Amino acid sequence: MKFNEIEYMKACKSIHNNFYTYPLGANIKNIRKDKILVNCPIHGNYMVRADHHKYGIKCRNCSEGNDIGLYNKINAERNRIKWNNIKSYLYFLEIKNDNEKFFKVGVTKNIDKRLKEFPKNYNITVQGLFENTLYTNVISENDIKEDFQNFKYKPLYKFRGWTECFKVDMLNLYYN
């Protein structure tokens with residue numbers, strides 16, 4: 001089967017929620033060996049193997065230094081055994097400053113480190129923190145994001161996880 005650059009780029013943009021850009025496109029002859037240039041809006045350009053990026057691997061700085069990759073349902077199922085042995089936190093945040101107020105859901109293995117990564121111009125309040133396996137929390141987070149997809153919010157300042165923000169207080173709506 002011949003490589004289709006248009007389908008490849010469409011797949012990458014979809015799996016990464018249009019977070020990254022591709023300055024040079026995808027001039028690939030062998031998807032398992034060739035690397036592509038990806039631009040992370042937070043950390044800048046980096047090179048990644050084409051097949052890895054298509055299957056959800058993101059910027060190393062965005063993935064908290066782990067080798068597991070993007071926290072999505074596909075990768076959760078692919079890594080189910082491994083992820084069922086890793087402790088993590090499903091977190092709910094209220095994020096605000098003088099100009100905006102919104103809510104965020106996310107998964108992390110280190111909540112203290114994660115909270116320090118937010119831009120200083122935001123006040124962060126932890127609304128809820130649920131410890132479970134990485135697998136369980138990733139599945140829960142993805143279900144919540146699907147349930148509230150009509151309430152997505154685009155923050156004025158981008159940060160890692162900015163695509164997981166919402167106009168409504170998911171924790172109170174979801175659990176009450």
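V126 is partly exposed, because its relative accessible area is 38% and partly exposed covers the range between buried, under 20%, and exposed, over 50%, as found with a 1.4 Å probe and protein chains only. The model is a predicted one, in which local features need pLDDT of at least 70 and side-chain atom pairs count only at pLDDT 80 or more, while totals for chains, interfaces and linings use all residues. Residues are numbered from 1 along each chain as its sequence is written, and side-chain values use heavy atoms, with hydrogens and water left out.

V126 belongs to strand β5, residues 123-133; strands here are DSSP runs of E with at least two residues, helices are runs of H or I with at least four, and both are numbered from the N terminus. Leaving aside neighbours within four places in sequence, V126 is in contact with F92, L93 and L115, where contact means heavy atoms within 4.5 Å. Y91 is 35 residues from V126 in sequence, yet the two C-alpha atoms are 7.3 Å apart in space.

The sheet around β5 is open and consists of four strands in the order β5-β3-β4-β6, with antiparallel pairing; two strands pair if DSSP finds at least two bridges between them. The edge strands, each pairing on one side only, are β5 and β6 (165-166). Between β3 and β5 there are 10 bridges in the antiparallel sense, and I95 has I124 of β5 as its bridge partner. On β4, K104 is the bridge partner of L93, within an antiparallel pairing of β3 and β4 that runs over eight bridges, and a hairpin of four residues joins these two strands. Strand β4 (residues 101-108) is largely enclosed by the rest of the structure, because seven of its eight residues are buried. Two antiparallel bridges link β4 and β6, and F103 has F166 as its partner in β6.

Finally, Y174 lies in helix α7, residues 170-175, and counts as partly exposed because its relative accessibility is 35%.
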